[in-house]
Amino acid sequence: PTSANGAEQEPIDGMPTVELADNGEPTITVPSDFAAPDTTEIAVLKKGDGPVVESGDTVFVQYTGVLPDGTVFDSSWQRGAPTQFQTTGVVQGFQKALEGQTVGSQVIAVIPASEGYGDAAQGSIPANSPLIFVVDILGVQRAAAQQ
């Protein structure tokens, strides 16, 4: 699959809203009264019934990341293909958004700067910026067992 296929869940009040294009690409609307949380806030938009993502696993995902003003700073959708990475190879808030979720799920994560890039600018992301991601979890490859 190229987008999450889980069961739709009720939206959470106060979270950014998400509208999906026919191909599943999300458009994220950030509330005008947005205030960054102290710790990462996560809401499940679609609940998949696949395997649970564990720490260190490689995940296959589609995602869009926006700044609080709604500017897209990164999107696998816009690059035209899903991507993969290890859960332990991303910022803390993104890791929290993935681990414990199930394949087939779509989640939204609102990440404070302290669990993102902190006081370092990263490409088009300003220093001390909260991050908002919508992530479709398409598959998982288990981390190798430690000996």
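Reply: A pocket here is an open set of points on a 1 Å grid over the protein atoms alone, where a 1.4 Å probe fits and protein lies on both sides within 12 Å along at least five of seven lines; a lining residue has an atom within 4 Å of a point. This is a predicted model, where local features need pLDDT of at least 70, side-chain atom pairs need 80 or more, and totals for linings use all residues. Numbering starts from 1 along each chain, and side-chain values use heavy atoms, without hydrogens or water.

Your pocket is lined by Y63, F73, D74, F85, V90, V91, F94, Y117, Q122, I125, L131 and F133. Its volume, the space filled by probe spheres set on points joined across faces, edges and corners, is about 190 Å³. Two strands (DSSP E runs of at least two residues, numbered from the N terminus) each give two or more lining residues: β6 (72–75) and β9. By class, ten lining residues are nonpolar, one is polar and one is charged; Ala, Val, Leu, Ile, Met, Phe, Trp, Tyr, Cys and Pro count as nonpolar, Asp, Glu, Lys and Arg as charged, and the others as polar.

Now zoom in on F94, one of that lining. F94 sits in helix α2 (a DSSP H or I run of at least four residues). With 6% relative accessibility, F94 counts as buried, the cut-off being under 20% with a 1.4 Å probe and protein chains only. Skipping residues up to four places away in sequence, F94 touches Y63, F85, I111, F133 and V135, contact meaning heavy atoms within 4.5 Å. F133 is 39 residues from F94 in sequence, yet their C-alphas are 7.9 Å apart.

Key:
Buried < 20%, exposed > 50% of the residue type's maximum accessible area, 1.4 Å probe, protein only.
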